[in-house]
Amino acid sequence: MFTLTRPDGYLLSTDPDRLDLDRVHHWLSTDAYWALGRDRDTVGRAFAGSIGFGVYRPGDGRQVAVARVVTDRATFAWLCDVYVDRAERGRGLGTWLAGAARDHLAEMGVRRIVLATEDAHGVYAKVGFAPVEPDRWMKWAAPVTQLTGKEQRAVSPLTVEA
């Protein structure tokens with residue numbers, strides 16, 4: 001387990017028992033463009049298979065930010081589901097959280113961390129993230145309905161011909 005405290009008292013922790021997943025679910029499913037409508041079970045399963053980073057307010061210890069890292073804990077990681085409570089924004093918590101996650105992963109030996117963002121490039125650039133080389137990266141994504149965020153079932157299964 002990893003913990004870090006800022007001089008102003010904000011605490012960062014990877015303790016999974018400390019994460020308020022009901023609060024995280026609310027943030028992601030109602031206010032995060034990439035996860036609108038995500039159900040509670042999916043949030044729980046996603047965090048169970050990842051390293052969750054929570055940020056907690058000084059004084060009352062209430063969770064005010066979150067990030068999730070999907071990683072093999074050896075060479076590669078994907079930083080995702082980064083969210084700072086709207087009431088806590090403007091204090092540098094997002095940049096601190098991304099930097100702390102980067103440093104924690106580097107201590108494990110991870111040398112490549114990726115993320116995706118529509119609107120927070122400046123936050124991540126402050127801690128060394130840069131645009132990827134588009135000619136090197138590829139992706140596959142299951143079709144998703146915009147209203148529910150659930151996968152469409154009309155996708156043909158992948159087959160291999162002999």
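A salt bridge here is a side-chain nitrogen of Lys or Arg within 4 Å of a carboxyl oxygen of Asp or Glu. The model is predicted, with local features needing pLDDT of at least 70 and side-chain atom pairs counting only at pLDDT 80 or more, while totals for chains, interfaces and linings use all residues. Residues are numbered from 1 along each chain as its sequence is written, and side-chain values use heavy atoms, with hydrogens and water left out.

On the charge-pairing side, the structure holds 13 salt bridges. Helices (H or I, at least four residues) and strands (E, at least two) are taken as DSSP runs and numbered from the N terminus. D41 and R45 are about one helical turn apart because they are four residues apart in α2. As for accessibility, buried means under 20% relative accessible area, exposed over 50%, and partly exposed in between (1.4 Å probe, protein chains only). D41 comes out at 48%, so D41 is partly exposed, and R45, at 54%, is exposed.

R40 and D22 join through their side chains at 2.8 Å, N to O. R40 is partly exposed at 34% relative accessibility, whereas D22, at 51%, counts as exposed.

What about strands? R68 and D81 form a salt bridge whose closest N and O atoms are 2.9 Å apart. R68 belongs to strand β4 (residues 63-71) and D81 to strand β5 (residues 76-84), so the pair ties together parts 13 residues apart in sequence. Both R68 and D81 are buried. Elsewhere, salt bridges connect R57, D60, E88 and R91 in a network.

Turning to aromatics, rings of Phe, Tyr and Trp (its six-membered ring) pair if their centres lie within 6.5 Å; planes under 30 degrees apart count as stacked, over 60 as edge-to-face and the rest as tilted. This rule gives three aromatic pairs. Among them is Y33 with W34, whose ring centres are 5.1 Å apart and whose planes meet at 85°, so the pair is edge-to-face. Y33 is partly exposed at 35% relative accessibility, and W34 is partly exposed at 34%. Y124 and F129 are edge-to-face too, with centres 6.1 Å apart and planes at 75°. Here Y124 is buried at 10%, and F129 counts as buried at 17%.

Rings also meet charges. A charge sits over a ring if NZ of Lys or CZ of Arg is within 6 Å of the ring centre and within 35 degrees of the ring normal. The charged end of R18 lies over the ring of Y56, 4.1 Å from its centre, and that of R6 over the ring of W96, 5.4 Å from its centre.

W96 leads on to helix α3, where the buried residues include W96, L97, A98, H104 and L105. The expected span of a helix is 1.5 Å times one less than its number of residues. For the 16 residues of α3 (residues 93-108) this should be 22 Å, and the end C-alpha atoms are 23 Å apart, which agrees. Just after α3, G109 adopts a positive phi of about 105°.
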